[in-house]
Amino acid sequence: MNLRDLEYLVAVADHGSFRRAAAACGVSQPALSTQVRKLEADLGAVLIDRASSPLRPTPVGEEVVRRARR
């Protein structure tokens, strides 16, 4: 886990989509998505509810986003 991974997670939470979050971060959508999945693997938890529209953090994801903002 690194700060960039957390930045990407916060961007997805803020923008509600991988595409818009990637644009805001200045990276490609596949790169951002890959880093969020890597973060999920590192933490052993699903952080984004991909079934919702717009995308939303899971309860665990909300806690990670909250801490990342601090």
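Reader: What makes Arg-67 count as exposed?

Author: Buried means under 20% relative accessible area, exposed over 50%, and partly exposed in between (1.4 Å probe, protein chains only). Arg-67 has 53% relative accessibility, so Arg-67 counts as exposed. This is a predicted model, in which local features need pLDDT of at least 70 and side-chain atom pairs count only at pLDDT 80 or more, while totals for chains, interfaces and linings use all residues. Residues are numbered from 1 along each chain as its sequence is written, and side-chain values use heavy atoms, with hydrogens and water left out.

Reader: Why is the pair Glu-63 and Arg-67 called a salt bridge?

Author: A salt bridge is a side-chain nitrogen of Lys or Arg within 4 Å of a carboxyl oxygen of Asp or Glu. The closest N and O atoms of Glu-63 and Arg-67 are 2.6 Å apart, so the pair meets the rule. Both residues lie in helix α4 (residues 59-69), four residues apart, about one turn of the helix; helices here are DSSP runs of H or I with at least four residues, strands are runs of E with at least two, and both are numbered from the N terminus. Glu-63 has a relative accessible area of 28%, so Glu-63 is partly exposed.

Reader: How many salt bridges does this rule give?

Author: The count comes to six. One of them joins Asp-5 and Lys-38, at 3.3 Å from N to O.

Reader: Is Asp-5 buried or exposed?

Author: Asp-5 has a relative accessible area of 0%, and is therefore buried.

Reader: What makes Arg-50 and Glu-40 a salt bridge?

Author: Their closest N and O atoms are 3.0 Å apart, which is within the 4 Å limit. Arg-50 sits in the loop between β1 (48-49) and β2 (56-57), and Glu-40 in helix α3. Glu-40 is buried because its relative accessible area is 8%, whereas Arg-50, at 28%, is partly exposed.

Reader: Why are α1 and α3 called roughly perpendicular?

Author: Angles run from 0 to 180 degrees between N-to-C directions, with axes fitted to C-alpha atoms, for helices over the stretch in contact. Under 35 degrees counts as roughly parallel, over 145 as roughly antiparallel, 65 to 115 as roughly perpendicular and the rest as oblique. Helix α1 (residues 3-15) and helix α3 (residues 29-43) pack at about 110 degrees, with axes 9 Å apart. They are therefore roughly perpendicular.
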